[in-house]
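Hi,

Here is the structure I promised to pass on. Have a look at it first, and then read on for what turned up.

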Amino acid sequence: MGRYVARRLLQMIPVFLGSTMLVFAMMYVLPGDPVRALAGEQTVDPAQIAAMKKDLGLDLPFWHQYWNYLVGLFQGDFGTEIASGRPVSETIADAFPITIRLALFAFVFTVLVGISIGVFAGLKADTLRDRGLLVLTLLLISVPSFVLGFLAQYFFAHQLGWVDPNVSAEANWGELLLPAVVLGSLSLAYVARLTRTSIAENLRADYMRTAVAKGLPRRRVIGVHLMRNSMIPVVTFLGTDLGALLGGAVVTEGIFNVQGVGRAVFGALQHREGATVVGIVTLIVIVYLVTSLLVDLLYAVLDPRIRYA
Amino acid sequence: MRGAKSAKWVAGAAIIALAATACGGGDGDDSSNSASKEKGKPAGYVSVDVGEPQKPLIPADTNEQLGSYVIQAVFTQLLEFDGEGNIVYTNAESVTTEDSKTWTVKLKPGWKFHDGTPVTAESYIKAWNWYANIKNNQQNAFWFEDIKGYADVHPEKGDPKSEEMSGLKAVDDTTFTIELDKPVPYFEYKLGYYTFAPLPEVFYKDTKAFGQAPVGNGPYIFEKWDHKKLIQVKANPDYQGPNKAKNKGILFKNYATVEAAYQDLISGNLDMIRQVGPKDLPKYKQDLGDRVIDEPYAAVQSLVPTFYSKTFKDIDPKVIQGLSMGIDRDTITKTVLNGTREPAKSFTPPGVAGNQQLDTDVFTFDPAKAKALVKEGGGVPDNKIWIQYNADGGHKEWVTAVCESIRNSTGVDCIPDAKPDFQTDLEARDNDQVKSMYRGGWVADYPLNVNFMRELYGTTAEANNGRFSDKEVDAAFKKGDNAPSLDESIKAYQEAEKLVLDKMPAIPLWEYKINGGYGKSVDNVAIDFRGDYVMTDVTVK
């Protein structure tokens with residue numbers, strides 16, 4: 001097990017290098033000069049632009065820039081933003097906590113409600129309540145999140161007045177409730193469907209019959225024997241989903257004015273703030289790598305037949 | 001066993017989540033009961049949706065609207081302009097000249113920076129020298145180029161030869177003289193640009209820290225900058241200028257979208273919105289009633305032919321005039337642009353001194369005459385033009401409509417040429433790679449017709465990306481620059497505008513309008529010639 005984890009951790013290094021280089025290269029080849037764009041339609045002084053580029057190291061060839069970036073990164077320096085002159089790490093520190101809160105909130109909502117619905121439906125497959133829940137999840141999957149977002153905003157904020165339409169700068173838990181539900185609802189539908197199918201299938205498995213035959217209480221049969229075996233596909237999905245949530249749902253963050261990662265990346269892309277984009281994407285890559293490792297380790301916990309050498 | 005452990009974990013997380021939700025519900029109820037009370041806003045303050053400034057808050061390093069709002073609140077330069085574009089002295093007592101070449105500035109005595117140090121002639125001279133120095137890479141350094149000795153501190157190549165411009169001299173504590181390279185009759189107007197603000201001594205100790213927490217001499221004192229969220233300033237009780245704050249302070253708040261800002265305006269969480277988004281434009285007058293701001297400001301949008309392109313090289317101006325007449329400005333501004341623009345009638349917008357009625361029909365929609373003019377001028381190569389625009393700025397709809405209009409009325413094929421964003425668009429303009437025309441926009445730096453002529457169509461003007469070059473036009477501009485007085489200079493530029501009409505370096509389309517609004521808790525909301533809210537005048541009910 002320990003060796004397996006160590007090997008997986010070592011594998012992260014090339015993935016990390018490859019992905020940062022890819023993003024870095026993509027930012028590099030994008031047309032449009034961020035330093036020039038600072039002047040907009042006003043007069044530009046070529047000498048001044050050249051001087052600023054030299055200061056920022058933007059006049060160097062691609063490999064040199066990438067090397068400088070990596071060296072900085074290993075010293076904990078995410079680089080400097082071109083326009084504001086602030087360290088990129090500050091932008092990240094501003095945006096990530098809010099998105100982490102939003103993502104965790106959405107994640108907990110997805111897990112709790114999604115799995116409950118799935119179990120509820122799966123235990124009585126092909127009944128009316130199962131069909132009803134399937135229709136509901138179909139609705140959630142097919143409605144785009146911006147429609148759902150605007151609808152939620154309209155009803156809960158403008159019509160009922162339960163919440164404020166926007167998340168303020170403080171972004172406290174209460175304000176994040178609505179965006180989290182909207183953000184989580186798409187994955188919720190998938191989780192519910194995965195759980196339902198898995199439960200319905202495992203219900204007919206041999207070990208279930210054995211467990212029932214042993215005379216175990218129903219709670220234990222379902223709660224431990226059935227659930228544990230049915231959770232493998234769900235956990236796989238949830239693992240990648242947490243990464244996606246942390247990546248920031250640009251649309252949802254935009255609708256509810258959440259000052260999170262999605263918005264930070266979008267803004268940085270617009271202004272060609274290469275260092276910011278690469279920095280945030282790097283962190284998201286790490287989150288993906290770690291969650292996929294956790295998912296793989298969870299397999300062994302859920303199903304002892306799966307073992308890592 | 002491990003399974004059991006993880007199950008406990010899940011239960012723990014569930015309890016935490018439930019607790020969090022419960023708290024959340026309570027918060028939501030509280031705020032809805034007092035919908036007009038804005039969270040975190042001190043009493044007497046007003047709030048406006050001015051987002052994150054691009055750069056640190058140094059007067060000469062900011063040229064975009066968001067940053068300039070804050071700069072203008074914290075700093076005061078020598079003079080300002082009122083709603084009609086007339087000069088109002090703020091920090092200056094007088095600005096005088098005999099020959100338009102040497103200017104004498106007298107400061108009002110007793111002015112202080114927010115840290116208590118006095119505002120002296122030296123505060124201005126030292127700041128201007130610092131701004132102009134190429135080593136400091138200030139965005140607006142070129143604003144000082146009229147001053148004698150600018151080339152020494154800001155050479156085209158290499159290091160500066162001097163730290164100071166020879167044209168700036170202090171006479172005493174509150175008087176200084178500005179000597180220019182050559183006479184500029186309208187130089188006083190330029191001084192109204194916020195870039196000419198003075199700096200306190202503390203600036204030079206740590207310029208970086210200053211950019212994050214500026215100390216100015218203006219109507220507001222900087223309080224805090226919560227990056228990408230808000231900037232807060234409070235009224236300066238000791239301010240002596242005519243534009244003393246009538247409110248207790250301002251919150252400049254950052255929003256993800258204009259729609260989000262609008263929602264906060266409607267629900268009472270924001271006092272003023274600078275621009276209503278396209279989604280809410282059709283209903284904002286209903287929502288806001290008489291609290292709507294719907295006014296033009298000194299900015300013009302035009303189509304600029306590039307005279308190096310295959311299409312417009314050695315073109316007969318008649319063709320461009322024909323194309324101009326082929327555009328149905330009235331219909332497009334009303335329908336496609338939702339009434340957010342006013343059709344242009346000249347090269348300068350109203351609200352700038354020297355704006356005039358040109359006796360011409362070049363800006364009037366007349367398909368028959370348009371077609372005739374294009375034919376008379378020999379047409380365009382391949383009978384085809386392109387209009388370049390940036391797809392990230394909401395221009396697609398009107399560019400398509402303009403093309404449609406040109407195609408229908410003149411028979412010239414017109415193709416919208418989208419660049420993904422403003423950066424790419426600018427790059428193509430800088431590198432002379434525009435296929436035939438681009439979308440240009442110009443907001444007044446100072447309210448004079450000069451600003452819409454020589455900065456855009458002079459051969460050596462750096463914002464002249466169409467590379468228009470005409471000896472007669474240059475000569476006419478020079479005549480205006482050499483005029484003995486401001487009035488004569490304005491008149492000369494009016495004459496030059498008539499010449500520009502014959503040469504057609506651009507096709508003016510329409511003037512911009514501000515379509516904003518304000519909430520129930522504020523009053524006395526007005527805009528200045530740049531289209532910015534006059535924040536000092538806003539009162540709290």
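Into which domains is chain B divided? There are two of them: domain 1 takes in 46-271 + 519-540, and domain 2 covers 296-514. Before going further, please keep in mind that this is a predicted model.

**Inside chain B**

Taken over C-alpha atoms, the centres of domain 1 of chain B and domain 2 of chain B are separated by 31 Å. Where the two meet, 17 residues of domain 1 of chain B are in contact with 21 residues of domain 2 of chain B. About 1600 Å² is buried between these two domains of chain B, and carbon and sulfur atoms give 63% of that.

If you sort the residues by class, the side of domain 1 of chain B that touches domain 2 of chain B has 10 nonpolar, three polar and four charged residues.

**An aromatic pair to look up**

Searching the whole structure gives 40 aromatic pairs over all chains. One of these is B:Phe144 with B:Phe196: the ring centres are 4.8 Å apart and the planes are at 55°, so this pair counts as tilted. The two residues come from distant parts of the chain, 52 residues apart. B:Phe144 sits in the loop between helix 3 (121-132) and helix 4 (150-153) of chain B, while B:Phe196 sits in the loop between helix 5 (187-190) and helix 6 (202-205) of chain B.

**Over to chain A**

How many helices and strands does chain A have? The secondary structure comes to 13 helices and zero strands. Along its principal axes, the C-alpha trace of chain A spans about 85 × 55 × 30 Å.

Chain A also has a domain assignment, with domain 1 at 2-73 and domain 2 at 88-302. Their C-alpha centres lie 32 Å apart. In this chain, 17 residues of domain 1 of chain A are in contact with 19 residues of domain 2 of chain A. The area buried between domain 1 of chain A and domain 2 of chain A is about 1500 Å², with 79% of it from carbon and sulfur atoms. On the domain 1 side of chain A, the residues that lose the most area to domain 2 of chain A are A:Arg8, A:Met12 and A:Met27, which together make up 34% of what that side buries.

A:Arg8 comes up again when you look for salt bridges. Across the interface of domain 1 of chain A and domain 2 of chain A the rule finds one, and the side chains of A:Arg8 and A:Asp296 meet in a salt bridge at 2.3 Å, N to O. Four residue pairs are in polar contact across the interface of these two domains of chain A. Helix 1 (residues 2-29) of chain A gives the most to the side of domain 1 of chain A that touches domain 2 of chain A, with 12 residues. By class, that side divides into 13 nonpolar, three polar and one charged.

**Where the chains meet**

Finally, the contact of the two chains. How much area is buried between chain A and chain B? It is about 4900 Å², of which carbon and sulfur atoms give 50%. Chain A brings 55 residues to the contact and chain B brings 59 residues.

The rule finds three salt bridges across the interface of chain A and chain B. A:Arg36 forms a salt bridge with B:Asp430, and the closest N and O atoms there are 2.1 Å apart. Between chain A and chain B the count is 13 residue pairs in polar contact. Several helices of chain A each supply at least two residues of the side that touches chain B, among them helix 2 (34-37), helix 5 (88-123) and helix 8 (173-202). The residues of the side of chain A that touches chain B divide into 21 nonpolar, 19 polar and 15 charged.

Happy browsing!

Notes: Residues numbered from 1 in each chain as written. Chains lettered and ligands numbered in written order. Predicted model: local features only at pLDDT ≥ 70, side-chain atom pairs only at ≥ 80, totals over all residues. Heavy atoms only, no water. Domains from an automatic or database assignment. Contact = heavy atoms within 4.5 Å. Buried area = accessible area lost by both parts, 1.4 Å probe. Nonpolar A, V, L, I, M, F, W, Y, C, P; charged D, E, K, R; others polar. Phe/Tyr/Trp six-rings, centres within 6.5 Å; stacked < 30°, edge-to-face > 60°. Helix = DSSP H or I, 4+ residues; strand = E, 2+ residues; numbered from the N terminus. Salt bridge = Lys/Arg side-chain N within 4 Å of Asp/Glu carboxyl O. Polar contact = N/O pair within 3.5 Å; in protein donor to acceptor, adjacent residues only side chain to side chain.
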